[in-house]
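These are my notebook entries on a structure that I consulted for the first time. I record what I looked up, entry by entry.

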Amino acid sequence: YPYGCTEQTMSSFLPNVIVSQTLKDVKTASVRTSNDLKKKVERGRNRLYAYQHEGGGWGWWNNNPSDPFMTAYVIDGLTLAKQAGYEIDDDRISRGRVKLEAMLHAGTNEKGTPLDSETRAFMVYALVETGGVDSAHLDKLFGERTNLQPYGRALLALDLSLQKDKRA
């Protein structure tokens, strides 16, 4: 990608992390040694670090306001990279979680625009994946489940599963 915004960085970083983890999990799989996944992941990680705002979130660019979706996308991706064995600064994830929780609690992005249900579903999912979420956010999302699109419902189902919540 020629521009390298947060989304484009994540869209190459995350597949590299997933391929790297798959290569560990599937012992018969291999890639050319010239591919250098480790270097690509580290380069993406460093770019993501550079794009993190002082307040902990990520925008589409490093000079844009923190965006709920981008912040959720990055903390989830960094967590997956850590789980795959990459060196990830826990403080980066922690600060992103704090920012994400603040936006979720406020119900708006930094510009004051209300969060749509699908974005909230992804935010809750990212928080569950990266260490847990206040049950009030999960309860609210569950209460609105009939208004969610299939993507939001799938995220809610994953949230409930990961939280070992047995709601029907």
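**Entry 1: the largest pocket**

I looked up the largest pocket and found a volume of about 190 Å³. A pocket here is an open set of points on a 1 Å grid over the protein atoms alone, where a 1.4 Å probe fits, with protein on both sides within 12 Å along at least five of seven lines; lining residues have an atom within 4 Å of a point. The model is predicted: local features need pLDDT of at least 70 and side-chain atom pairs pLDDT 80 or more, while totals for chains, interfaces and linings use all residues. Residues are numbered from 1 along each chain as its sequence is written, and side-chain values use heavy atoms, without hydrogens and water.

I noted that 10 residues line this pocket, and that Q8, T9, S12, G44 and R47 are the closest to its centre. Helices α1 (6–25) and α2 (37–51) each supply at least two residues of the lining; helices are DSSP runs (H or I, at least four residues), numbered from the N terminus. The lining comprises 1 nonpolar, 6 polar and 3 charged residues.

**Entry 2: α1 against α2**

I then examined how these helices meet. The axes of α1 and α2 come within 9 Å and cross at roughly 145°; axes are lines fitted to C-alpha atoms over the stretch in contact, and angles run from 0 to 180 degrees between N-to-C directions.

**Entry 3: α4 against α5**

I found α4 (residues 90–106) and α5 (residues 117–129) packed at an angle of about 145°, with axes 10 Å apart. R97, L100, E101, M103 and L104 in α4 meet R120, M123, V124, A126 and L127 in α5. Of these contact residues, 7 are nonpolar, none polar and 3 charged.

**Entry 4: two single residues**

Is T79 buried or exposed? I recorded T79, in helix α3 (residues 68–83), as buried, because its relative accessibility is 10%, and buried means under 20% (exposed is over 50%, partly exposed in between; 1.4 Å probe, protein chains only). Leaving out residues up to four places away in sequence, T79 touches I93, E129 and T130.

R153 lies in helix α7 (residues 150–162) and is partly exposed, at 44% relative accessible area. With the exclusion of residues up to four places away in sequence, R153 touches R145, T146 and L148. I also noted that R153 and Y125 are 28 residues apart in sequence and 11 Å apart in space, C-alpha to C-alpha.

Notes: Grid points are joined across faces, edges and corners, and a volume is the space filled by probe spheres set on the points. Ala, Val, Leu, Ile, Met, Phe, Trp, Tyr, Cys and Pro count as nonpolar, Asp, Glu, Lys and Arg as charged, and the others, Gly among them, as polar. Contact means heavy atoms within 4.5 Å.
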